[in-house]
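Me: I am new to this structure. Could you walk me through it, one question at a time?

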Amino acid sequence: MTGKPRRAAAGARGQGEGTAPSGKPRRVTVTSPRTAAAPRPRHPLTREIDEQTRLGEVYMGSLVRTQFRLALFVCTVLACVVGGLPLLFLLVPELREVQLFGLPLPWVVLAGLVYPALVAGAWLYVRQAERNERDFADLVERR
Amino acid sequence: MSQIAAVVLVMLATVLIGAFGIRMSRTTSDFYVASRTVSPLWNASAIGGEYLSAASFLGVAGLILTFGADMLWLPVGWTGGYLVLLVLVSAPLRRSGAYTLPDFAEARLESMTVRRLSSVLVVLIGWLYLMPQFQSAGLVFGTITGAPPWVGSLLVAVVVATNVLSGGMRSITFVQAFQYWLKLTALAVPLAFMLVAWWSDGTPGLAPGDEWALPLHGREHPVYETYSLILATFLGTMGLPHVLVRFYTNPDGRAARRTTLLVLTLLGAFYLMPAVYGYLGHVYGMPESDTVVIALPGRLVGGPVGEFLTALVTAGAFAAFLSTSSGLTVSVAGVIAQDILRGGVRAFRVATVLAVLVPLALAGAARSLPVATVVGLAFAVAASSFCPLLVLGIWWRRLTTAGAMAGLLAGGGLACAAVVVTITGGPHTGWAGSLLAQPAAWTVPVSFTVMVVVSLLTPSRVPRGVARTMVRLHTPETLNVDRGDWHPRYM
């Protein structure tokens, strides 16, 4: 999941670079390299995002898509587990009566095991979401 | 007697800790969001304290005792809702800069009409949530003193109003954090004693073939109702007004995520316990009622220790009434003051009184239902209105003003109608009864569908600043990009 913004952005690099949305070529400051008068902007990619050029939009779109795919993945797993349990109990009624540690199986799962599982899922999500954001920041700030 | 002393102690502690915050809250910004200086553990404890209402402390165990295994889904959903909130909403919502749900609606859709509709829904959800809190305060206070129900309701309402009026959000944060740990202790310590008593009784278990412990039984349409309950609780959490306002007190989006993870852990620890109360209540043949949590320690552990434990759970119950009611009152009052009155600290005070009085009157007038059932209905309304607004608003650029309006009206309206029919009339039977008592399974899809279809039909009404808003919602704060100049209106 981490490599995606980079690839998506690289494909569009040639199209929008240096062009404002109006289509006019960007104004270029010409200075002697010896003067300190006009330092280059340090992070031109954030400017692409600010000016909503096509390149900026591609970068933003890739960030939103990466994070959304991650969110959707977590929600799908959650839906399968949570939505699957009642279905399982409905289709395999014997499961409802299985005893585990002297307690009925549904109780062991719903009143116990499910909570650490939720916390673990949340922890993994936070780790991956922060990684995605770091990758995006690296990508945007490196140039 | 010791129970009454415990109640007085909790109320005094709440007022005193609240008063502690007065010196620190001077400006309007303090009043609303505690100036964003709250650390993640404080913040997570405060969210937990605010969230664990009478429905969690008393209601879950009562419903599990009454209906059996299907009700185990209620605490699972109330915890799992934070996972859905975490992955879909938490960081972008914090980055949006909105204090409240109406703020978010305005920031994302650039429309005052959507904002006003959201305000109305926030107030309705808040009142629907507050009403059963006051009702069960009356029930518990009546059980321990013999007073009529309205006395306990009034008492809690007065303490809440005083506290909110005197300290605002800053003091509420301290109060709420304190309340979480109080509630956890008040449930855990008696439970430890009861488990010892249960052990020395020879660990009595369920009778063989006891239907009560099996999922999918006992109600008319258990499969539908189970799925509807799951949908309402998992999706409704993100739309609760008193939960979202807390996210603003995180310094940035990353902290908002970490706070949510911490909240999930704290809630998971708490929700391990009500099921055990319900289970023991069934094994020892307790009467099916919301007060089982209060009555059980005295039944299992006799003597002065039993009396002390009963006082402790009673204190926990009142902590639950006070904390949730305070949080809800702040949110409802904030929305009333900002969007209906003209704003300012004075308007906030008038709004606070209004926010408490209406549900107090409703508590006296409405049919008495189990507290967790009514709170479940509030979740269903939130899931059918704010969940689609937040999810589509954050992730889908083509959401339009018209689409959001139509979805909020259709989903929120249908869910509210089902709630009114269930609370005022009823109990209804058959499929109609199940559809009305657990509306989420049909109102949530209706709301999402209407929002998407109407948005696709009105492409010209996509908000003009949507690209900038997306940058604001999704880029990490470390990046120096233009996030637009929208700010929530200061009162």
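**A first tour**

Reply: Gladly, starting with one residue: leaving out residues up to four places away in sequence, Gln135(B) touches Ser153(B), Ala363(B), Ser368(B) and Val371(B). Touching, or being in contact, means that C-beta atoms placed from the backbone lie within 7 Å. This is a predicted model, in which local features need pLDDT of at least 70 and side-chain atom pairs count only at pLDDT 80 or more, while totals for chains, interfaces and linings use all residues. Residues are numbered from 1 along each chain as its sequence is written, and chains are lettered from A and ligands numbered from 1 in the order in which they are written.

Me: Is Gln135(B) buried or exposed?
Reply: A residue is buried if 20 or more other C-beta atoms, placed from the backbone, lie within 10 Å of its own, exposed if 12 or fewer, and partly exposed in between. Gln135(B) has 28 C-beta neighbours inside 10 Å, so the residue counts as buried.

Me: In which helix is the place of Gln135(B)?
Reply: Helices (H or I, at least four residues) and strands (E, at least two) are DSSP runs, numbered from the N terminus. By that numbering, the place of Gln135(B) is in helix H7 of chain B.

Me: How many residues of H7(B) are buried?
Reply: H7(B) is mostly covered. Of its 34 residues, the number buried is 25.

Me: What is the phi of Glu110(B)?
Reply: Most residues other than glycine have a negative phi. Glu110(B), in the loop between helix H6 (101-109) and H7 of chain B, has a positive value although this residue is not glycine. Its phi is near 50 degrees.

Me: What is the radius of gyration of chain B?
Reply: This value is taken over C-alpha atoms, and the globule rule is 2.2 Å times the number of residues to the power 0.38. For 491 residues, a compact globule would be near 23 Å, and chain B agrees with 22 Å.

Me: Which helix gives the most to the side of chain A that touches chain B?
Reply: Here 42 residues of chain A are in contact with 41 residues of chain B. Helices H2 (44-50), H3 (54-91) and H4 (105-142) of chain A each give two or more residues to that side. The most, 19 residues, come from H4(A).

Me: Where in H3(A) does a kink lie?
Reply: A bend is the angle between axes fitted to the seven residues ending at a residue and the seven starting there. In H3(A) the kink is about 35 degrees and comes shortly before the proline Pro86(A), at Gly84(A).

Note on methods. Two residues are in contact if their C-beta atoms, placed from the backbone, lie within 7 Å.
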